[in-house]
Amino acid sequence: PRQRLVAALRRASLAEQTTHYAQAIVAANAALALAATQHDPAAEIEAQRIAGRSHWWRGELDLARRYYLHALRKARALPAPDAVAACLVHLGVACWSVDDLAGADAAFGEVRDSALGRESPFLRAAALMGLGMVACARRDYSEAEGKLDAALRPWWETVTVQSWCQGPGA
């Protein structure tokens, strides 16, 4: 049974990565059913996120948001702050996509303010990028610029370090 669940998640992930979103949704829902019967909440969360992303790419934004909310509820029931943060980032994008700026602001803000958001520069960057998108949608361009600049800071620091390590002409 575990092998069937792993295979279903792999099919869903591969279909999503190759932009076969309808197939990804079918495979994710199959994985979700298997994960529920096997009491595997981590697999349920992953299947819900795959289905949510696939619906998002298809423009089915309310469905995407619904899957992300289910994943978030499941993640909050676990001692898994990384899963909660990932679900919140996806939920924030889905909320922003349907002009639910308050929902997006709350999701991205929770990630930014979380312990994990403070420890992980790239997770914090994702939250700040989302908050910058919300500020831009509200036409607060000064705040948007500040958030987006702060979001890009870890990337610029990484690029600068990598370029220095690689030497001239890298």
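These are my notebook entries on a predicted model of a protein of 170 residues.

**Entry 1: ground rules.** I worked from a predicted model, in which local features need pLDDT of at least 70, side-chain atom pairs count only at pLDDT 80 or more, and totals for chains, interfaces and linings use all residues. Residues are numbered from 1 along each chain as its sequence is written, and side-chain values use heavy atoms, with hydrogens and water left out.

**Entry 2: overall make-up.** I looked up the secondary structure and found nine helices and zero strands. Helices (H or I, at least four residues) and strands (E, at least two) are DSSP runs, numbered from the N terminus. The order from the N terminus is α-α-α-α-α-α-α-α-α. The C-alpha atoms fill a box of roughly 50 × 40 × 30 Å along the principal axes. Of the 170 residues, 38% count as buried; buried means under 20% relative accessible area, exposed over 50%, and partly exposed in between (1.4 Å probe, protein chains only). Accessible areas come from the Shrake-Rupley method with a 1.4 Å probe, and for residues only the protein chains shown count as cover. Contact means heavy atoms within 4.5 Å. Among contacts between residues at least 6 apart in sequence, 48% join residues at least 24 apart.

**Entry 3: helix H5.** I checked the length of H5, residues 81-97. The expected span is 1.5 Å times one less than the number of residues. For the 17 residues of H5 that gives 24 Å, and the end C-alpha atoms are 24 Å apart, so the two agree. I then listed the buried residues of H5, among them Ala83, Val84, Cys87, Leu88, Leu91 and Cys95. Their cover includes helix H3 (41-57), helix H4 (61-76), helix H6 (101-113), helix H7 (115-119) and H8. After H5 comes Asp99, with a positive phi near 65°.

**Entry 4: aromatic pairs.** I found two aromatic pairs. Rings of Phe, Tyr and Trp (its six-membered ring) pair if their centres lie within 6.5 Å; planes under 30 degrees apart count as stacked, over 60 as edge-to-face and the rest as tilted. Tyr21 and Trp57 have ring centres 6.3 Å apart and planes at 10°, so this pair is stacked. The pair links distant parts of the chain, with Tyr21 in helix H2 (residues 21-37) and Trp57 in helix H3, 36 residues apart. Tyr21 is buried at 16% relative accessibility, whereas Trp57 is exposed at 53%. Trp56 and Trp57 make an edge-to-face pair, 4.9 Å centre to centre with 85° between the planes. Trp56 is partly exposed, at 25%. I recorded Tyr21, Trp56 and Trp57 as one aromatic cluster.

**Entry 5: salt bridges.** I counted twelve salt bridges, each a side-chain nitrogen of Lys or Arg within 4 Å of a carboxyl oxygen of Asp or Glu. Arg58 and Glu60 meet in one, at 3.1 Å from N to O. Arg58 is partly exposed at 42%, and Glu60 is partly exposed at 22%. In another, the closest N and O atoms of Arg138 and Asp105 are 4.0 Å apart. That pair links distant parts of the chain: Arg138 is in the loop between H8 and H9, Asp105 is in helix H6, and they are 33 residues apart. I read relative accessibilities of 43% for Arg138 and 31% for Asp105. Lys147 and Glu143 form a salt bridge at 4.0 Å, N to O. Both lie in helix H9, four residues apart, about one turn of the helix. Lys147 is partly exposed at 21%, as is Glu143 at 36%. Glu16, Glu46, Arg49 and Arg53 are linked in a network of salt bridges.

**Entry 6: nonpolar surface.** I found a nonpolar patch on the surface formed by Phe122, Met129, Leu152, Trp155 and Trp156, with about 520 Å² of accessible area together. Helix H8 (121-137) and helix H9 (141-166) are the elements that give two or more residues to the patch. H9 gives the most, with three residues. Patches are made of residues with over 30% relative accessible area and no salt bridge: like charges are joined within 9 Å, nonpolar side chains (Val, Leu, Ile, Met, Phe, Trp, Tyr) within 5 Å. I looked up Trp156 separately: it is found in helix H9 and is partly exposed, with a relative accessible area of 49%.
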